[in-house]
Amino acid sequence: MSLRDLLRRFSRKQASVDDAMRGLVSHDGWYAPMGWAAKAFDTNRFDEVCLWGSSSALPPATLWLFTDKDAGEEALQRGLVPGPVAGPLQGTQVFERVPDGLETVQVNPGSPQADGWYMGGKAIPLGRAWARAVTLEQAIDQGAEFGLALGRYPSFGVLADASAALVTAVGAAGLKNPGLIFSASDCLEAGRAKLGAAAAPFGAHVLAGPTLFGGLDRFGVDGYILNVAGVGPTRVFDREICQAIVALVEAADDAERLEAIARKTEPA
């Protein structure tokens, strides 16, 4: 399904906000104004540069994004002037780089409303959170070394009760009492649905990687199952793996501190 088709499904209430956000961030065919892209990606070299007007005429504090070249042409035909536009760009990298200072991110201005998406300034951090989630999931799926990214991931979803006890899956995946953690909100909702009535007393919360992987005893678990109901990749992390993840983060933190000290002591 194309991203435009997904956005149309959302307009008909056949897809959720989570579906739309995952689709937006996972899309790898974005086109963005050259001025913004050059600054955000720190380069003037892109696979394509489309001239949709000699200069950009965006409203103040606004970023226009286009899902494809047809969307840019539609904008031009309706009197909008995107100007020079660069692409195709990866969605995770685009949404990771959208700055807080913007008031609006508008997808496919000039196209039918059902083909577009609008993000106000307060929603921009949500786009970055989705970019982090999908980037992590892609690294896991591709078999890349993801231990450090996992350990530093700032926003695992968990289900916990009022006493901060996590939902666990007793005896699952060869562990005695693994906690359930989730890389994104749609993964958490899938997990909640799988648990059914057993999940009713538990609310959704966000915990950072260091808190989880360094807190096995605190949470009374002997490991974690990531995305027990799928959507994102499912993986099992036993106590040994959790301890290795903590060690990776500590080593990386130490190396970065030493590098920072060395930079301060370098002669001017």
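Strands here, like helices, are DSSP runs numbered from the N terminus, with at least two residues (E) for a strand and at least four (H or I) for a helix. This is a predicted model, where local features need pLDDT of at least 70 and side-chain atom pairs pLDDT 80 or more, while totals for chains, interfaces and linings use all residues. Residues count from 1 along each chain as its sequence is written, and side-chain values use heavy atoms, with hydrogens and water left out.

Okay, back to strand 8, residues 179-182. With strand 10, residues 223-226, strand 8 pairs in the parallel sense over three bridges; pairing takes at least two DSSP bridges between the strands. On strand 7, residues 156-160, there are two bridges to strand 8, and those two run antiparallel. I181 turns up again there, as the bridge partner of V158.

Now the helices. Helix 2 (residues 17-26) packs on helix 6 (residues 124-141) at about 70°, axes 9 Å apart; axes are lines fitted to C-alpha atoms over the stretch in contact, and angles run from 0 to 180 degrees between N-to-C directions. So the two helices are roughly perpendicular, a label covering 65 to 115 degrees.

Notes:
Parallel < 35°, antiparallel > 145°, perpendicular 65-115°, else oblique. Buried < 20%, exposed > 50% of the residue type's maximum accessible area, 1.4 Å probe, protein only.
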